[in-house]
Amino acid sequence: MKHRIVVLGAGYAGAFSAGFLARQLHGDDFEITVVNAEPDFVERLRLHQLAAGHDLPHRPLAEVFAGTGIRLRVARVTALDVDRRRVTLDEGDHLGYDTLLYTLGSTIADHGVPGVAEHAYNVAGRPSALRLRARLDDLGRHGDVLVVGGNLTAIEAATEIAEARPGLRVTLATSGEVGGWLGPKARRHLLRAFDRLGIAVHEHTTVERVEQSAVFAADGTAFVSDATVWAAGFAVHPIAAASGLAVEPNGQITADRELRSVSHPDVFVAGDSGFVVGGNGRPLPMSCASAGFTGQQATATIIGELTGRAIKRTSLSYVGNHVSLGRKDAIFQFVDGDARAKPGALCGRPAAWVKSAIVGTSGWAISHPTFGKLDHHYRAAAGAPSRGVLAA
Ligand SMILES: Cc1cc2nc3c(=O)[nH]c(=O)nc-3n(C[C@H](O)[C@H](O)[C@H](O)COP(=O)(O)OP(=O)(O)OC[C@H]3O[C@@H](n4cnc5c(N)ncnc54)[C@H](O)[C@@H]3O)c2cc1C
């Protein structure tokens, strides 16, 4: 009986990790199944571009995983039973596992603000980004777009929409400062870009209620809005918390340095779903880079544990953020060892080239998850065969 590894989610963390496992582990001893809600790999890094009207490359997961031995199951995970080692899918089906890698990513955090679910758009997933695009198409060249949030996604969404749809009036409202974490050079550059694109900014403005054509803030400001884009942070899916896994107050799975769940040692986590302390002693931010670092450590641990090899320690770093400001402008903000922005930053067109190269490279890497190599050389260690008796 083969050892069943199930990977939940095929985003940046899941697709990369599944490919790496398939490359290293022997197919006679291990069976790798990936479950993903959508049939395609979704480049989340570019969903603000999709919403603004740009088309993204089509990357069917069946093609991505072709020839790797990975079994793809296109289905939505609705529940997880970590005691019986069983995943429930939306078709009512169950999937058993011996080792689970949880990489279901994140979605928007609505912070309990009334009206967000009913009236706001977002760019956290492809279906929602396409709904926003359809709304912007309906508006044509006239209308008000309000972006709520002041962090990376809000900045990227506001600038992308303002650049691609110059007839629309774009406003950003945030409870803090827009890009408040940036160093002085980067923030100056950001504010100049907002000016150039005609984006109005309301800082220290906490949105309390969203209606179909208006948004209300705690200080009494009322915004007219034909399309409200909610980009006020990410939250993880409630599936992990409901499963009985140890989670943080925000629902992220609590993991040890080796990316193992602290409550269930046969469950591993990578990407946005995990609460992982980085090399600087601080929680890694939800980001594509963190998905890469955590995926590398989780797969190194799984391979070590199941094949009886020493577990390799890989880096869990956080070096900074890249923020695009439309198609030709960007900011690359590096941080110091305490995750504070350094005074300098790469800004403008060179930063846009770097960002485009990073996005292109990550897209390529995901489309070639085994890098064309299938070594398959690691066999299961004695004592690490299927524990599958409990699963249905
Ligand atoms: C518009 C936008 C721009 C961004 N820009 C940047 C950036 O410039 N730099 C950066 O570092 N980060 C950026 N991020 C954040 C980055 O995209 C995430 O941190 C990254 O995608 C996390 O990877 P992940 O694998 O954990 O999750 P994801 O990439 O979201 O993958 C999760 C996968 O799980 C699947 N899934 C979810 N729920 C279920 C379910 N119930 N059943 C089955 N499958 C499910 C999803 O379909 C998806 O394929 C951006 C995010 C957005 C939305």
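**Figure 1. The whole protein.** The radius of gyration used here is taken over C-alpha atoms, and the globule rule to compare it with is 2.2 Å times the number of residues to the power 0.38. What you're looking at is a predicted model, where local features need pLDDT of at least 70, side-chain atom pairs count only at pLDDT 80 or more, and totals for chains, interfaces and linings use all residues. Residues are numbered from 1 along each chain as its sequence is written. For 392 residues, a compact globule would have a radius of gyration near 21 Å, and the protein's 22 Å agrees with that. Along the principal axes, its C-alpha atoms fill a box of roughly 65 × 45 × 35 Å. Count up the secondary structure and you get 10 helices and 22 strands (DSSP runs numbered from the N terminus: H or I of at least four residues for helices, E of at least two for strands). Of the 392 residues, 44% count as buried. Buried means that 20 or more other C-beta atoms lie within 10 Å of the residue's own; exposed means 12 or fewer, partly exposed is in between, and C-beta atoms are placed from the backbone.

Figure 2. The protein splits into domain 1 (3–105 + 237–318 + 360–368) and domain 2 (116–230), with bounds that come from an automatic or database domain assignment. Their centres, taken over C-alpha atoms, are 31 Å apart. Domain 1 puts nine residues into the contact and domain 2 puts in 13; here, two residues are in contact if their C-beta atoms, placed from the backbone, lie within 7 Å. On the domain 1 side, that's five nonpolar, three polar and one charged. For these classes, Ala, Val, Leu, Ile, Met, Phe, Trp, Tyr, Cys and Pro count as nonpolar, Asp, Glu, Lys and Arg as charged, and the others, Gly among them, as polar.

**Figure 3. Around the ligand.** Here 35 residues surround the ligand, and the closest are Gly9, Gly11, Gly105, Gly271 and Ser287. A residue is near a molecule if its C-beta atom, placed from the backbone, lies within 6 Å of it. Helix 1 (12–24), strand 2 (30–36), helix 2 (47–52), helix 6 (152–164) and helix 9 (288–307) are the elements that give two or more residues to this shell. Sorted by class, the shell has 17 nonpolar, 13 polar and five charged residues.

**Figure 4. A close-up of Ser317.** Find Ser317 in the loop between helix 9 and strand 20 (320–324). Ser317 counts as partly exposed because it has 14 other C-beta atoms within 10 Å. Gly279 is 38 residues away along the chain, yet its C-alpha atom and that of Ser317 are separated by 5.6 Å. Beyond its neighbours within four places in sequence, Ser317 is in contact with Gly278, Gly279 and Phe293.

**Figure 5. Two histidines with positive phi.** His111 has a phi near 55 degrees, a positive value in a residue other than glycine. You'll spot His111 in the loop between strand 8 (107–108) and helix 4 (116–119). For His204, phi is near 50 degrees, again positive in a residue that isn't glycine. Look for His204 in the loop between strand 11 (200–202) and strand 12 (207–210). His111 is partly exposed because it has 14 C-beta neighbours inside 10 Å, and His204 is partly exposed because it has 13.
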